[in-house]
Amino acid sequence: MDKIFAYISQNQDSYIKRLAEVVAIPSVSGDAKHRQDVVRMGEWLVQEMTRLNVSTKIHHPGKQVLDGVELDLPPVVLGTYGTDPAKRTVLVYGHYDVQPALKSDGWTHDPFTLVEDEQGRLFGRGSTDDKAPIISWLWVIEAHQKLNIDLPVNIKMCFEGMEESGSEGLDDIIYKEAKDYFATVDCVCISDNYWLGTKKPCVTYGLRGISYFTLEISGPGRDLHSGVFGGTVHEPMTDLVYLMSKLVSPNGKILIPGIYDEVAPVTDDEHKLYTDLDFSVKDIHQAIDATNTIHENKQDILMHRWRFPTLSLHGIEGAFYGAGAKTVIPAKVIGKFSIRSVPNQKPETIKALVTSFIQQEFAKLNSKNKITITELSAGPAWVADVKHYNFRAASKAIETVFGITPDYTREGGSIPVTLTFQEALGKNVLLLPMGRADDGAHSINEKIDRSNYIEGIKLLTSYLHEISHAQ
Ligand SMILES: [Zn+2]
């Protein structure tokens, strides 16, 4: 291992040069103008994989309509490196598309030119999410080849170009290949999230689900003037604001009866996990640029972020929001809210509880308006078995590279593909982040630190070696 680590350290400038090469491809999946760039990024990967003797299989998931244009979805690139039945097979996933970025959003320099500052921070769109992690898997293979060291596992790869746009088309491919291309997979590793803080590496074992709802209230046939019709009609906005106020209390408690019934109870072991985490109340104050947190200690803050359900109100379509004293009565308004769900909540139960509660509350109003409740999307939470050798291998690898016992973390958000892999393949899935909490994925001035990238390549190397003999 020392030999490989030394090789990786010696070659860091070449890894950074190649990260600059991929950051320069603006593979923005959510913008039709950039679709060719997304495809070009996929081709770049295929070319590198071929150079490294990774055999590839390309899936074309079909078409989509974006900005009024029909486009081919970018390819899903599958790869196989090694087919030795005596070795374990690890499936690694990553995405090669990125979030949009414009210099005018507030970037200090062109987002698609990788720039390193004196502190060794490598700025550029996609640097941490998810280009450095995805190409690092290839550098692990390359290092073994250059040093003539046998890789002790087989690797399967699944790289997609639509993650930032809902992974359109990916689930079907995973289910289709589960018993075929992925049949020999023993465990799954996804490097597409971040350390909890800025100093301590972590492994991630849980994500919340999400159920997103719209609540539409309509009444008058057109928008009305309050001077003429105020006091004479049931106003949709009044009904909507009343109903939305019934969903959640100002201190974050969901008010829908029964919503907490399915939530898995907190165990003693779990309580202990939260005490040593690299996180403080100050971190969250920094992250929100304010101090108006509901909870005052890190355990409560993180438990409410990770393992309790929450309900957030997001917006009202059709509401007047411009400056000035407009006196309109909107004819139709659509409220938007979502519930971040946790084990063992089921989306079906959430939908049933939400719908019946709102209808019940609406009935109390005796309003002649029309109400429609729609579940726009729903995906359940994910939690992995941390006692699996996959987690032990990752933990050991972190100890080897960083000399520290990692945090076991969850996340408040959702990465739906995680659950798809777990369900389609029936194998253990692990999230092994490379970047830090302050990397600014999806934000302006996204970066990855040089040390996170280079030590990250060592981490993935060490992880694969640990997997080969982990019990
Ligand atoms: Zn990502």
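I started at Asp-289, which sits in the loop between helix H9 (281-288) and helix H10 (298-306). Helices (H or I, at least four residues) and strands (E, at least two) are DSSP runs numbered from the N terminus. I'm working on a predicted model, where local features need pLDDT of at least 70, side-chain atom pairs count only at pLDDT 80 or more, and totals for chains, interfaces and linings use all residues. Residue numbers run from 1 along each chain as its sequence is written.

Asp-289 has a phi near 55°, positive although the residue is not glycine. I checked its surroundings: Asp-289 counts as exposed because it has 6 C-beta neighbours inside 10 Å. (Buried means 20 or more other C-beta atoms within 10 Å, exposed 12 or fewer, partly exposed in between, with C-beta atoms placed from the backbone.)

I found Ser-167 in the loop between strand E8 (154-160) and H5. Is Ser-167 buried or exposed? Ser-167 is buried, with 22 other C-beta atoms within 10 Å.

Next I looked at omega. The bond from Asp-129 to Asp-130 is cis, with omega near 10°, and Asp-130 belongs to helix H4 (residues 127-146). The bond from Pro-343 to Asn-344 is cis too, with omega near -5°; Asn-344 is in the loop between strand E15 (332-341) and helix H11 (347-364). I flagged these spots because most residues other than glycine have a negative phi, and most peptide bonds are trans.

**Helix pairs**

I then went to the ends of the chain. The axes of H1 (residues 2-10) and H14 (residues 450-469) come within 9 Å and cross at roughly 155°, which makes H1 roughly antiparallel to H14. (Axes are fitted to C-alpha atoms, for helices over the stretch in contact, with angles from 0 to 180 degrees between N-to-C directions; under 35 degrees is roughly parallel, over 145 roughly antiparallel, 65 to 115 roughly perpendicular, the rest oblique.) Ile-4, Phe-5, Ile-8 and Ser-9 of H1 make the contact with Ile-454, Ile-457, Lys-458 and Thr-461 of H14. (Contact means C-beta atoms, placed from the backbone, within 7 Å.)

H2 (residues 12-23) packs on H14 as well, at about 110° with the axes 11 Å apart, so H2 is roughly perpendicular to H14. Here Gln-12, Tyr-15, Ile-16 and Leu-19 of H2 meet Arg-450, Tyr-453, Ile-454 and Ile-457 of H14.

For H5 (residues 170-177) and H13 (residues 416-425), I noted axes within 10 Å, crossing at roughly 20°. H5 and H13 are therefore roughly parallel. Leu-170, Asp-171, Ile-174 and Tyr-175 of H5 touch Val-417, Thr-420, Phe-421 and Ala-424 of H13.

**Val-92**

Val-92 lies in strand E5 (residues 89-95) and counts as buried, with 24 C-beta neighbours inside 10 Å. What does Val-92 touch, leaving out residues up to four places away in sequence? I got Trp-137, Ile-155, Met-157 and Cys-189. The C-alpha atoms of Val-92 and Ile-190 are 5.8 Å apart, across 98 residues of chain.

**Whole chain**

My tally is 14 helices and 20 strands. Of the 471 residues, 42% count as buried. Among contacts with a separation of 6 or more, 80% join residues 24 or more positions apart. The C-alpha trace spans about 85 × 50 × 50 Å along its principal axes.

Notes
Two residues are in contact if their C-beta atoms, placed from the backbone, lie within 7 Å.
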